[in-house]
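Please follow the backbone of this model through a few of its loops and then into one of its sheets. The sequence and structure come first, and the description follows.

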Amino acid sequence: MVNTKVDLCGIGLDNPVIPASGTFGFGKEFAELYDLDILGTFSFKGTTKDPRFGNPAPRIAEAPAGMLNAVGLQNPGVDHVIAHELPEMAQYFHKPVMANVSGFSVEDYVYTCEKLDAQSQVGWLEVNISCPNVHGGGMSFGTDPKSAAEVTAAVKKVTKKPVIMKLSPNVTDICAIAKACEDAGADGVSLINTLLGMRIDLRKRAPLLANKTGGMSGPAIFPLAVRMVYQVYEAVSIPIIGMGGVTSAEDVIELMLAGATAVEAGAVNLVDPMASKKIIEALPKVCETYKIENLKDIIGGAHHG
């Protein structure tokens, strides 16, 4: 029998599959479709210090083998999440959950992380320094090693739970960013977030998105995610969560061979709300096909055969 269990920063997961923030909300709608306890965990909706309406519409544009989004971190703010979303979540998800945090200043990140760190339901803090769809923050922290390290160190000072820094692929050297986060105390890194892209309306001769640019996700970016996870695995010694275009159990195994300890599935949840469940259910059979008995044994396997 295949053992799908892995350890992520000292917390055990029944399997490595994690629905990604931005595609799963707070899990409420998905809990009406299936038992969320089948998941390894999930990363809930990106949360900021204050409520955010997000970017103006249109926010979504189709692309070959993927999509562009410029939602702009719409969320009710950390106080509402703690007062309402987490208590409701406790009714339908009975494992540690991953809190995804965004900010527009170091102080924002510190405030939100400190508040969420105190919540018993939260197992990990996934600190998003890589959002390409907001102005005055987000990705700007994740494109410079010094800024990434500054956010990491500041958050680590006010938290006790594992801090996982979510990295941007919109950089020349993602390994330098990952190493800076590790040196500043990060317990793990997650990558990749969306790639900056644009579509133009031929009739209007103008960008399709009101924000002009948006984050590209979907199967088209999977090979880029594999490459970056592979490179970062050789640059750091902390756990990696791989993501970017994941649609199948085979994709999960591929990213783990590249170096990921766990794998997030993102845009596929918007295409098929049952996708993460299907990936988890398919995982044991796919493991048997490739003669894998313990998933944790294959982490980084592509580096040493």
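R205 is found in the loop between β11 (200-201) and β12 (206-207), where strands are DSSP runs of E with at least two residues and helices are runs of H or I with at least four, both numbered from the N terminus. The model is a predicted one, in which local features need pLDDT of at least 70, side-chain atom pairs count only at pLDDT 80 or more, and totals for chains, interfaces and linings use all residues. Residues are numbered from 1 along each chain as its sequence is written, and side-chain values use heavy atoms, with hydrogens and water left out.

The phi of R205, a residue other than glycine, is positive, near 55°, and R205 counts as exposed because its relative accessibility is 75% (exposed means over 50% relative accessible area, buried under 20%, partly exposed in between, with a 1.4 Å probe and protein chains only). L73, in the loop between β5 and α2 (78-92), also has a positive phi, near 60°, but L73 counts as buried because its relative accessibility is 13%.

One runs from A57 to P58, with omega near 0°, and P58 lies between α1 (28-31) and β4; another joins L191 and I192 with omega about 15°, and I192 lies between β9 (188-191) and β10.

Both β4 and β10 belong to an open sheet of 4 strands, ordered β4-β5-β13-β10 with antiparallel pairing, where two strands pair if DSSP finds at least two bridges between them. Within this sheet, β5 and β13 (residues 214-217) pair over 3 bridges, and M67 has S217 in β13 as its bridge partner.
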